[in-house]
Amino acid sequence: MVRYGPQSAMATSNPSSWRVASMLCFVLLCSSAVEGFYLPGTYLHPYKKGAKLEVKVNSITSIETELPFSYYSLPFCKPKEGIQKMGENIGELLMGDQIENSPYKFSMKEDQEDVKVCVAPPLSESDVNHFNRRIDDYYQVNMILDNLPVSRYTRQKDSSNLLRWTGSPIGFKLDSDKQHYVYNHLKFKVLVHAYDKDAGSGAVLGTGEGLDVMPSATTQNLTGTFMVVGFEVVPCSVVRDVKVAKELEDGNGQLPISDCDPEKPHQAVKKGEEIVYSYSVHFEESDIRWPSRWDAYLKMEGARVHWFSILNSLMVISFLAGIVFVIFLRTVRRDLTKYEELDKEAQAQMNEELSGWKLVVGDVFRAPENPQLLCVVVGDGVQILGMACVTILFAALGFMSPASRGMLLTGMVLLYLFLGILAGYVSSRLWCTLKGTQSGWRPIAWKTACFFPGIAFTILTVLNFLLWSRESTGAIPLSLYFILLTLWFTVSVPLTLLGAYLGAKAEPITFPVRTNQIPREIPAQRYPSWLLVLGAGTLPFGTLFIELFFIMSSIWMGRVYYVFGFLFVVFILLIIVCAEVAVVLTYMHLCVEDHRWWWKSFFASGSVALYVFLYSINYLVFDLHSLSGPVSAALYVGYSLLMVIAIMFATGTVGFLTSFYFVHYLFSSVKID
């Protein structure tokens, strides 16, 4: 039987202007809704009757391989004017998009039946093998009309419910004869909405530079125009008379009417076969308004389970973490109060009789092992954390709409580059604090600027070689490599060095107690401390794993993810829990006279990355079991590894900085002679 997989639904648009963005930001901040709000896109194109509509094609994709390929890598019909690539931003290129023109052209509100597109040349053996592999891997054709991806409906097995998918399958294979068939006739349905001046459906006009309010004269000229609010397709496999088709003009010829009867013969993929491609298009007026046309794509299946599961997880985790934190605060306050109420002789006697965090007062600020590496990873962690926070916030406010193709990734890259100044400042100031001098901040700055980008560059290069070997559009173009390297060298590195300079010149953080020259011997521990550190990551992971499933499904199963409001709440809760866990673990280590808290506080919260990676492997085995080929598995593991490293740096930084300020506050409250 034929099986189809879900595909991603994204479309292209230019970003909003700063003027409108600032105005909308104020309005959105007044909203208390947790669900992610979105702007409907920045292109509003009103079309008069008879106006030309051009369908664009994106890369063909499959959830079976995760390897996108160019639409014209298969012997489909090409446009008369030649193949033209559309302009793409950094995010689109990183996602493997390749948007091109197509021979499918419509006229607004003019229905057409069985229009001949072309007669493809006879299929060679190589063409047949290509078609068969793509059909076996359930590849989908992704078309775009007026910034909307094409969608189709299928009926659920043993049910009358209709399921909505994006994209159109290339073909199918019947179990009965093992023959592959191609969908060579596409029946399009374009939903349009008439311009309604009173309803304000055209109150905002999209231009090449962003959103602008239309003057009244322009508004009056839109009367009688239509806007595209839906784009659907029903693929068919139809056997055509090649001789009759060759006598007709490509793009205009009227072929004999076909009813797409599934009982009639289908167009087989065979060597030497000349395939006739055709399409029909019907326009249907709809009540859907232009600002709401993306609602159908963003609609989540099983939303009730999604919302209640996340809410329950947030409440339980925050409640448990709050209890632990309150108990911990009461314990520390009682210790401090009891210690300060004693006179000096009693304190000395108490130090001899009692053990605990008070005995490591002369070693608690002793420099850790590999202090340079610690400064670098904390600096990079601050940079990644800032990028994630701002990106999710803007996405939750709706400024990174799915109508803006690649906007999310583009924003993340640019934010990471500009936040280099923060990474340099934190790493340099931490280094000066540990060493007590300004010397040596330049090497720290350079290492901070190169460490995480170097890891990302290495992983992406290895994965890129795999994609190049398969001639996939998912491979990062060499031009983009040079663009990213140029941006890194001209923007991120100078800002990191500037931040490091400011951090070195800033007033250093002074320790409240002196460090002994001879380190204190650490008593033998009943349990390995690193076992406790690794186990601490389970609590932060508990706040994340439910949302992680939906994120992974969005990335690898082609589903649209747009509940960034909830993601932002989960992100904030994750930061709070990471901070609490790290502080509690640091206090426990100090209580057993273990003053090596620096790296342990980092990994106490950063160990959540280990569980994320294990969850990724679990997702690969049990949810992506249909993923075919070692290249696809290597891509999945490689991208997951990059994500896990970024999570470790960000969450570890939260734990370390919180523990650092906690230890500083704790020992500044102790009376020292």
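The expected span of a helix is 1.5 Å times one less than its number of residues. Helices (H or I, at least four residues) and strands (E, at least two) are DSSP runs, numbered from the N terminus. The structure is a predicted model, in which local features need pLDDT of at least 70, side-chain atom pairs count only at pLDDT 80 or more, and totals for chains, interfaces and linings use all residues. Residues are numbered from 1 along each chain as its sequence is written, and side-chain values use heavy atoms, with hydrogens and water left out.

Helix H12 has 29 residues and reaches 42 Å from its first C-alpha to its last, close to the expected 42 Å. A kink of about 30 degrees lies at Phe-451, shortly before Pro-453; the bend is the angle between axes fitted to the seven residues ending at a residue and the seven starting there. After H12 comes Glu-471, with a positive phi near 55 degrees.

Phe-457, Phe-465, Trp-468, Leu-478, Phe-482 and Leu-485 make a nonpolar surface patch of about 630 Å². Helix H12 (441-469) and helix H13 (478-505) each supply at least two of the patch residues. Phe-465, found in H12, is exposed at a relative accessible area of 53% (buried means under 20%, exposed over 50%, partly exposed in between, with a 1.4 Å probe and protein chains only).

**An open sheet**

4 strands form an open sheet in the order S2-S1-S5-S6, with antiparallel pairing. Its edge strands, S2 (100-107) and S6 (148-149), each pair on one side only. Strands count as paired if DSSP finds at least two bridges between them; 2 bridges join S5 (residues 143-145) to S6. Ile-144 has Pro-149 in S6 as its bridge partner.

**Salt bridges**

A salt bridge is a side-chain nitrogen of Lys or Arg within 4 Å of a carboxyl oxygen of Asp or Glu. The count comes to 9 salt bridges, including those in the table.

| Pair | Closest N and O atoms |
|---|---|
| Glu-81 and Lys-105 | 3.2 Å |
| Glu-232 and Lys-189 | 3.5 Å |
| Asp-114 and Arg-240 | 2.6 Å |

The last pair links distant parts of the chain, with Asp-114 in strand S3 (residues 112-119) and Arg-240 in the loop between S15 and helix H5 (242-246), 126 residues apart. Asp-114 is buried, with a relative accessible area of 0%, and Arg-240 is buried at 10%. In the Glu-81 pair, Glu-81 is partly exposed at 41% relative accessibility and Lys-105 is partly exposed at 30%. Lys-189, Glu-232 and Glu-284 are linked in a network of salt bridges.

Methods
Patch = residues over 30% accessible without salt bridge, like charges linked within 9 Å, V, L, I, M, F, W, Y side chains within 5 Å. Areas by Shrake-Rupley, 256 points an atom, 1.4 Å probe, with all protein chains shown as cover.
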